[in-house]
Amino acid sequence: MERIENLGPSLMFSIQLPPAVLGAIVASARLHLTDELRGMQAALAAVVDHARARFADDPAIGPRLQRVVGAPTPVLYVTLDAADTVLGAAADLLASGYLVNPVAFPAVPMDAGGLRITLTRSHTPADVDGLVAAIGEAIAAAAPARKAG
């Protein structure tokens, strides 16, 4: 009871969990008790390693890639520029079949908007390579617009 009082006071004034959320919690707990989780984590780590290497090695993206100290996460952030550049790049990427999250002011400083990319273990090396190429094209397309503005 003390643990709930100390760690979950906000739940006291909340509603019950929806059945779907409760089902997901139970499924997650069951998965975490199996050896299958290690294989899934290894598959995700392979995708993350490949993506980080490809993004870092790309001459247009590498300097814009936010570096993470410590354990790598499956989330990458590529800084582009102002909100209009970021939104345009995200729209171009979506038209090419890549869903990324645009991040712009006020969530980040005015000229530090960028693209947040979330990797999953279902992404293939070809998916990552295609995304790198598409982001490189979006950066190249935005460069003349910045010079003209």
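The legends below accompany close-up views of a predicted model.

**View 1. Overall order of the elements in the predicted model.** The protein comprises five helices and three strands, and, read from the N terminus, these elements follow one another as α-α-α-β-α-β-β-α. Of its 149 residues, 28% count as buried.

View 2. Strand β1, which spans residues 75-81, and strand β3, which spans residues 113-118, are joined in the antiparallel sense over six bridges. Within this pairing, V75 has T118 of β3 as its bridge partner, while L76 stands opposite I117, again a residue of β3. Strand β1 is mostly covered, since six of its seven residues are buried. Strand β2, made of residues 101-103, also pairs with β3 in the antiparallel sense, here over three bridges, and in that pairing P102 has L115 of β3 as its bridge partner.

**View 3. A cis peptide bond leads from F105 to P106.** The bond between F105 and P106 is cis, and its omega angle is near 15 degrees. P106 belongs to the loop that runs between β2 and β3. This proline counts as exposed because its relative accessible area is 69%, a value over the 50% cut-off for that class. In space, the C-alpha atom of P106 lies 9.5 Å from that of A83, although the two residues are 23 residues apart in sequence.

View 4. In general, side chains of opposite charge can pair when their charged atoms come close. D129 is classed as partly exposed because its relative accessible area is 28%, and R54 is likewise partly exposed, with a relative accessibility of 28%; the value falls between the 20% and 50% cut-offs.

View 5. The C-alpha atoms of R52 and V128 are separated by 9.6 Å, whereas along the chain the two residues are 76 residues apart. V128 is also one of the residues that line the largest pocket, which is the subject of the next view.

**View 6. The largest pocket and its lining.** The largest pocket holds about 200 Å³ of space. Its lining is formed by Y98, L99, V100, N101, R116, I117, T118, L119, H123, D127, V128 and L131. At least two residues of this lining come from β3, and at least two come from α5 (125-148).

View 7. The side chains of L17, V21, L22, I25 and V26 make a nonpolar surface patch of about 390 Å². Among these residues, L22 is found in helix α2, which covers residues 19-32. L22 counts as partly exposed because its relative accessibility is 45%, a value that lies under the 50% cut-off for exposed residues and over the 20% cut-off for buried ones.

Definitions and conventions. Residues are numbered from 1 along each chain as its sequence is written. This is a predicted model: local features need pLDDT of at least 70, side-chain atom pairs count only at pLDDT 80 or more; totals for chains, interfaces and linings use all residues. Side-chain values use heavy atoms; hydrogens and water are left out. Two strands pair if DSSP finds at least two bridges between them. Helices (H or I, at least four residues) and strands (E, at least two) are DSSP runs, numbered from the N terminus. Patches are made of residues with over 30% relative accessible area and no salt bridge: like charges are joined within 9 Å, nonpolar side chains (Val, Leu, Ile, Met, Phe, Trp, Tyr) within 5 Å. Accessible areas come from the Shrake-Rupley method with a 1.4 Å probe; for residues, only the protein chains shown count as cover. A salt bridge is a side-chain nitrogen of Lys or Arg within 4 Å of a carboxyl oxygen of Asp or Glu. Buried means under 20% relative accessible area, exposed over 50%, partly exposed in between (1.4 Å probe, protein chains only). On a 1 Å grid over the protein atoms alone, a cavity is a set of points where a 1.4 Å probe fits but cannot get out, and a pocket is an open set with protein on both sides within 12 Å along at least five of seven lines; lining residues have an atom within 4 Å of a point. Grid points are joined across faces, edges and corners, and a volume is the space filled by probe spheres set on the points.
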